[in-house]
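Morning, everyone. I have one chain to show today, and I will keep it brief. Here it is.

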Amino acid sequence: LKVLLLLAAAPEVSAFSSSLAVPRRVLTSSISPSLLPLKSYRGIHSRSFATMQASASKRSSSTSNSDDGHYQNLLFIYGSLMAKDVMYGLVNRVPVCQPAILSGYHRYCLPCRPYPGIKERESGSVKGLIVADLSEEECQILDYFEGDEYEKRQLRVQVSREAIEVSSPGLLPMETYMLSEDTVLVNAYVYKGDDDVYGTWHIEDFLRSNILDDYVSDSSIVREDFLRSNS
């Protein structure tokens, strides 16, 4: 469903993408839908909500636990979900998160999108946050939001005792000793696309971007749409 956020604010996407050094071939003052890589999205929006819900439910049935059994449904987030207002729009709360590092992956920019995707890279590492104790409904909402562009994988991350520092406000609150383990198994959304990923995506650029307000507003709409269709 992220494409809805993108199409709703196409000019802003261009400005934001420019700050991320988008290749010259995709720069434009107003990105037309015909220029967007929509093939992967069309599969989502041509399906019924019931099918989407069943897919989300199947993906959410895979839970990850901290090794001491204290927390359940651990989710490693690394992109737009780290923005406090985006997460609140989707799950209607602001969870406190544990900083963590995922090794063997890189956080790439995606062509014409304001959000990132992680893909395997031998020398890579990604700083992100662990959200703990998500409810099944919250997991399904997040699965629905992420869509079929991503595969939900269970990965092992290193727990970090250092907070992620950004100069722009808006990051989710952190507790560096929320989890006692040094490493934990988590779920994470891994990008499946074969298009030209490039560079490195930075959360600070997203928090400073013109698209953020529309993104936050539409994240609430995604939640309402899910709950209304599920009632």
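Leaving aside its neighbours within four places in sequence, which residues is I77 in contact with? They are M82, M87, G128, L129, V131 and L172. Contact here means heavy atoms within 4.5 Å.

Some ground rules. This is a predicted model, where local features need pLDDT of at least 70 and side-chain atom pairs count only at pLDDT 80 or more, while totals for chains, interfaces and linings use all residues. Residues are numbered from 1 along each chain as its sequence is written, and side-chain values use heavy atoms, with hydrogens and water left out.

Now the overview. The chain has eight helices and five strands. Those are DSSP runs, numbered from the N terminus: helices are H or I with at least four residues, strands are E with at least two. From the N terminus, the order is α-α-α-α-β-α-β-β-α-β-β-α-α. The chain has 231 residues, and 52% of them count as buried. Buried means under 20% relative accessible area, exposed means over 50%, and partly exposed is in between, with a 1.4 Å probe and protein chains only. Take the contacts between residues at least 6 apart in sequence: 83% of them join residues at least 24 apart.

Next, the core. In general, nonpolar side chains tend to be buried together in soluble globular proteins. The largest nonpolar core here has 57 residues. Such a core is a set of buried Ala, Val, Leu, Ile, Met, Phe, Trp, Tyr and Cys residues joined through side-chain atoms within 4.5 Å. F76, I77, V86, L90, I130 and L142 have the most contacts inside this core. Strand β5, residues 183–191, gives the largest share, six residues.

On to helix α5. V86, M87, G89, L90 and V91 are its buried residues. They pack against β1 (75–77), β3 (116–131), α6 (136–146), α7 (203–208) and α8.

How do α5 and α8 cross? The axes of α5 (84–91) and α8 (212–230) come within 7 Å and cross at roughly 15°. Axes are lines fitted to C-alpha atoms, for helices over the stretch in contact, and angles run from 0 to 180 degrees between N-to-C directions. That makes α5 roughly parallel to α8. The cut-offs: under 35 degrees is roughly parallel, over 145 roughly antiparallel, 65 to 115 roughly perpendicular, and the rest oblique. From α5, the contact uses D85, V86, G89, L90 and V91. From α8, it uses L212, Y215, V216, S219, S220, V222 and R223.

Helix α6 also meets α8. Nine of the eleven residues of α6 are buried, so it is largely enclosed by the rest of the structure. The axes of α6 and α8 come within 10 Å and cross at roughly 120°. That makes α6 oblique to α8. E137, Q140, I141, Y144 and F145 of α6 make the contact, with Y215, V222, R223, D225, F226 and L227 of α8.

Last, two backbone details. N92 sits in the loop between α5 and β2 (98–109). Its phi is near 65°, positive in a residue other than glycine. N92 is partly exposed, at 42% relative accessible area. D133 lies in the loop between β3 and α6. D133 is not a glycine either, yet has a positive phi of about 55°. D133 counts as partly exposed, at 40% relative accessibility.
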